[in-house]
Amino acid sequence: MARFPFGIPNTWYMVAYSDEIQGDELKSLPYLGQNLIAFRGSEGRVSVLDGYCPHLGANLAVGGTCEGGTVRCPFHGWRYDETGACIEVPYAKRIPQEARLRQFHVLERNGMIFVWHGAEESEPFFEIPEIPEWHDPAWTDRWMRFEWTIKTHPQEISENGVDRQHFESVHLMEPVADFQLRFDGPRYFWSTGVKKELETDPDYSDEFTMHGENHGIAYSLIRHRGHFNTIAITNFTAVDRETVCMKMGILAERNGMESGELEAELEIYMLEHGKVAEQDFRIWENKRYLAQPKLVESEQLIAEHRKWAEQFYADEASR
């Protein structure tokens, strides 16, 4: 019996950082319940295709090669361009008309690469926005990266973001400002203020504001304003229907400090983002999804979030 009553939501999923796909490299992407491959085409754009050759089913991610923006199958040498079309069969003049790999919608933004999950003929209905801090010299120029594989579902993690009561009970964040939340189409926006002692330094505490924006059900951006100003982008990338690869990237404002000085002083502060995220994992991996939870009046945002999430299950591809 499935642990969750829904499949993989239709939304953008981060599958790699931009610098992880370079030159004539073929990258395996074991996400979205599929076997995907990624590479850069002839003009440098990232292409993501189905990873099984339609000839006899060879796994292109195992032994396949990228040649000048095309992919060659390791089994019989059939070659595919960045759109997925077969452009060469080494031992035949006629190429089968339907010999092609499914091509997925790709968005490269803020140093991250996203793939759209949905029916093959469907179009994305929103985008991940550009952030002004990326490429801003006043901010760090590379994401501090965290990654975890968790037995849960993207909707459970997204719902966690509107569960303001758990901020205090799980994360030991003392509220100092009201929690505000607004749903807007495929997005929601929230803000609050909290005071927290750092796990990495018990003698130090920080009071800060958090301004969050979620675009789709698998992307969360939080701007922290406190002793340091940071941005935490967390992506809930579905591996399959019951597993998530959680990818978190952190940027920080330099405050006029040189890189070496900044890294030394910020390291503990930035690592705290990862510590906070990990506090939820044991709960997510061991809880069960209740279709009709017994909520109290102050928890109605959870019910609103579940209604909002329904828009990401519009076709059978996600079931």
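Me: Which residue of β17 stands opposite Arg 225?
Reply: This is a predicted model, in which local features need pLDDT of at least 70 and side-chain atom pairs count only at pLDDT 80 or more, while totals for chains, interfaces and linings use all residues. Residues are numbered from 1 along each chain as its sequence is written, and side-chain values use heavy atoms, with hydrogens and water left out. Strands β16 (residues 219-225) and β17 (residues 229-240) pair in the antiparallel sense over seven bridges, where pairing requires that DSSP finds at least two bridges between two strands. Within β17, the residue opposite Arg 225 is Asn 229.

Me: How many residues of strand β16 are buried?
Reply: Strands are DSSP runs of E with at least two residues, and helices are runs of H or I with at least four, both numbered from the N terminus. Strand β16 forms a hairpin with β17, with three residues between them. Buried means under 20% relative accessible area, exposed over 50%, and partly exposed in between, using a 1.4 Å probe and protein chains only. Of the seven residues of β16, the number buried is six.

Me: What is the order of the open sheet of three strands?
Reply: β10 (106-109) and β1 stand at the edges, each with a single partner strand, so one side of each has no neighbour in the sheet. β10 and β11 (residues 112-116) pair in the antiparallel sense over four bridges, and Leu 107 has Phe 114 of β11 as its bridge partner. The order of this antiparallel sheet is β1-β11-β10.

Me: Is Ser 18 buried or exposed?
Reply: Ser 18 lies in the loop between β1 (12-17) and β2 (27-29). Contact means heavy atoms within 4.5 Å; beyond its neighbours within four places in sequence, Ser 18 is in contact with Arg 40, Glu 108, Gly 111, Met 112 and Ile 113. Because its relative accessibility is 13%, Ser 18 counts as buried.

Me: How far from the side chain of Thr 11 does the backbone nitrogen of Ile 217 lie?
Reply: Thr 11 is placed in the segment before β1 and is buried, with a relative accessible area of 0%. Residues touched by Thr 11, not counting those up to four places away in sequence, include Val 115, Phe 126, Gly 216, Ile 217 and Phe 312. The distance from the backbone nitrogen of Ile 217 to a polar atom of the Thr 11 side chain is 3.4 Å.

Me: How many disulfides does the structure hold?
Reply: A disulfide is a pair of cysteine sulfur atoms within 2.5 Å. The structure holds zero disulfides: for Cys 66, the nearest cysteine sulfur, that of Cys 73, is 14 Å away. For Cys 73, which is buried at a relative accessible area of 5%, the nearest cysteine sulfur, that of Cys 53, is 3.9 Å away. The number of disulfides is therefore zero.

Me: Why is the pair of Tyr 188 and Trp 308 edge-to-face?
Reply: Rings of Phe, Tyr and Trp (its six-membered ring) pair if their centres lie within 6.5 Å; planes under 30 degrees apart count as stacked, over 60 as edge-to-face and the rest as tilted. Among the 19 aromatic pairs, this one links Tyr 188 in strand β14 (residues 187-198) with Trp 308 in helix α5 (residues 300-309), 120 residues apart. Both residues are buried. Their ring centres are 5.1 Å apart, and the pair is edge-to-face because the planes stand at 80 degrees.

Notes:
A polar contact is a pair of N or O atoms within 3.5 Å; within protein, one must be able to donate a hydrogen and the other to accept it, and residues adjacent in sequence count only if both atoms are side-chain atoms.
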